[in-house]
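Reader: I am new to reading protein structures. Can we go through this one step by step?

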Amino acid sequence: MKVVTRSVEETRALGEELGRDLLRAGDVVVLSGELGTGKTALAQGVGRGLEVEGPVVSPTFTLVREYEGRVRLCHVDVYRLERVQEIHELGIEEQLEDSVTLIEWGEVAVNALPADRLEVRLTAGGGPDERIIELVPLGESWRRRSGRLAEIVESRLSDEDHQAPETT
Ligand SMILES: Nc1ncnc2c1ncn2[C@@H]1O[C@H](COP(=O)(O)OP(=O)(O)OP(=O)(O)O)[C@@H](O)[C@H]1O
Ligand SMILES: [Mg+2]
């Protein structure tokens, strides 16, 4: 499932909808994509959807930030981890059940992550403000929710201008 966004605000709006309508305590969302593709922007939107206090900022210098909201948000950036094993040392596992956990650069730690997760893969689009956002639901709980996820994606596509380019 793919969404194309044309501004940082559209990426935030997608995250907001996921946070409001789909995500719940215990979920893990892996955000992957090159530097500056919008992983943190999407996380900011999720924060809005979860009604967290205060703006979501990049966790780069802290590795983990937590926000209290309707559901707690745990925002992790594993970019600077030296070893994948360190993900276990962050202490996020104790919080996993009560939080929505977003992991930037999580693809490097995929073996340390639950099989049941939503993967969000961001890539640059045609113009400077265009991003292609691929949503990949994995595991049982996401299989059950993939219909609702598809509805969210389709509502974002309802504007013709926002159709993802056909893959050949
Ligand atoms: N469609 C778009 N979606 C998201 N961000 C966009 C878009 N268009 C432009 N931008 C800009 O791209 C940048 C995305 O930054 P952001 O910090 O969210 O990226 P990131 O993937 O978290 O990077 P990093 O790997 O450094 O953590 C912002 O400056 C934002 O304004
Ligand atoms: Mg970031």
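Reader: Which element gives the largest share of the shell around ligand 1?

Author: This is a predicted model. Two elements give two or more residues to the shell around ligand 1, namely α1 and α2. The largest share is three residues, and the element that gives them is α2.

Reader: Which residues come nearest to ligand 1?

Author: The shell around ligand 1 holds 17 residues. Five of these come nearest: Thr11, Lys39, Thr40, Ala41 and Asp129.

Reader: How far does a backbone N or O atom of alanine 41 lie from an oxygen atom of ligand 1?

Author: Start with glycine 38. One of its backbone N or O atoms lies 3.0 Å from an oxygen atom of ligand 1. Tryptophan 105 uses a polar side-chain atom, which lies 3.4 Å from an oxygen atom of the ligand. For alanine 41, again with a backbone N or O atom, the distance is 2.9 Å.

Reader: What percentage of the area that ligand 1 exposes when taken alone does the protein bury?

Author: Taken alone, ligand 1 exposes 640 Å². Of that area, the protein buries 74%.

Reader: Which residues are the protein donors of the magnesium ion?

Author: The magnesium ion is ligand 2. Its protein donors lie 2.1 to 2.3 Å from it. One uses its OG1 atom and the other an OE atom: they are Thr40 and Glu104.

Reader: How many residues apart are threonine 40 and glutamate 104?

Author: Threonine 40 sits in helix α2. Glutamate 104 sits in strand β5, residues 99–104. The pair links distant parts of the chain, and the separation is 64 residues.

Reader: Is glutamate 104 buried or exposed?

Author: Buried means under 20% relative accessible area. Threonine 40 has 18%, so it counts as buried. Glutamate 104 has 3%, so it is also buried.

Reader: Where is tryptophan 105, and how far is its C-alpha from that of leucine 31?

Author: Tryptophan 105 is in the loop between β5 and β6. At 11% relative accessibility, it counts as buried. Its contacts beyond four places in sequence include Leu31, Gly33, Asp77 and Tyr79. Leucine 31 is 74 residues away in sequence, yet the C-alpha to C-alpha distance is 6.0 Å.

Reader: Which side chain makes a polar contact with the side chain of aspartate 27?

Author: Aspartate 27 lies in the loop between α1 and β2. Its relative accessibility is 5%, so it counts as buried. Leaving aside neighbours within four places in sequence, its contacts include Leu22, Ser99 and Trp142. The polar contact, at 2.9 Å, is with the side chain of arginine 145.

Reader: How far apart are the end C-alpha atoms of helix α1?

Author: Helix α1 has 14 residues, 8–21. At 1.5 Å a residue, they should span 20 Å. The distance between the end C-alpha atoms agrees: 20 Å.

Reader: Which elements do the buried residues of α1 pack against?

Author: The buried residues of α1 are Thr11, Leu14, Gly15, Glu17, Leu18 and Gly19. In an α-helix, residues three or four places apart point the same way, because there are 3.6 residues a turn. The buried residues of α1 pack against β1, α2, β7 and α3.

Reader: Is glutamate 51 buried or exposed?

Author: Glutamate 51 lies in the loop between α2 and β3. Its phi is positive, about 55°, although it is not a glycine. Exposed means over 50% relative accessible area. Glutamate 51 has 52%, so it counts as exposed.

Terms used:
Residues are numbered from 1 along each chain as its sequence is written. Chains are lettered from A and ligands numbered from 1 in the order in which they are written. This is a predicted model: local features need pLDDT of at least 70, side-chain atom pairs count only at pLDDT 80 or more; totals for chains, interfaces and linings use all residues. Side-chain values use heavy atoms; hydrogens and water are left out. Helices (H or I, at least four residues) and strands (E, at least two) are DSSP runs, numbered from the N terminus. The expected span of a helix is 1.5 Å times one less than its number of residues. Buried means under 20% relative accessible area, exposed over 50%, partly exposed in between (1.4 Å probe, protein chains only). Contact means heavy atoms within 4.5 Å. Donors are N, O and S atoms within 2.8 Å of the metal (3.2 Å for Na, K and Ca); water is not among the atoms, so sites may look incomplete. A polar contact is a pair of N or O atoms within 3.5 Å; within protein, one must be able to donate a hydrogen and the other to accept it, and residues adjacent in sequence count only if both atoms are side-chain atoms. A residue is near a molecule or strand if one of its heavy atoms lies within 4 Å of it. Accessible areas come from the Shrake-Rupley method with a 1.4 Å probe; for residues, only the protein chains shown count as cover.
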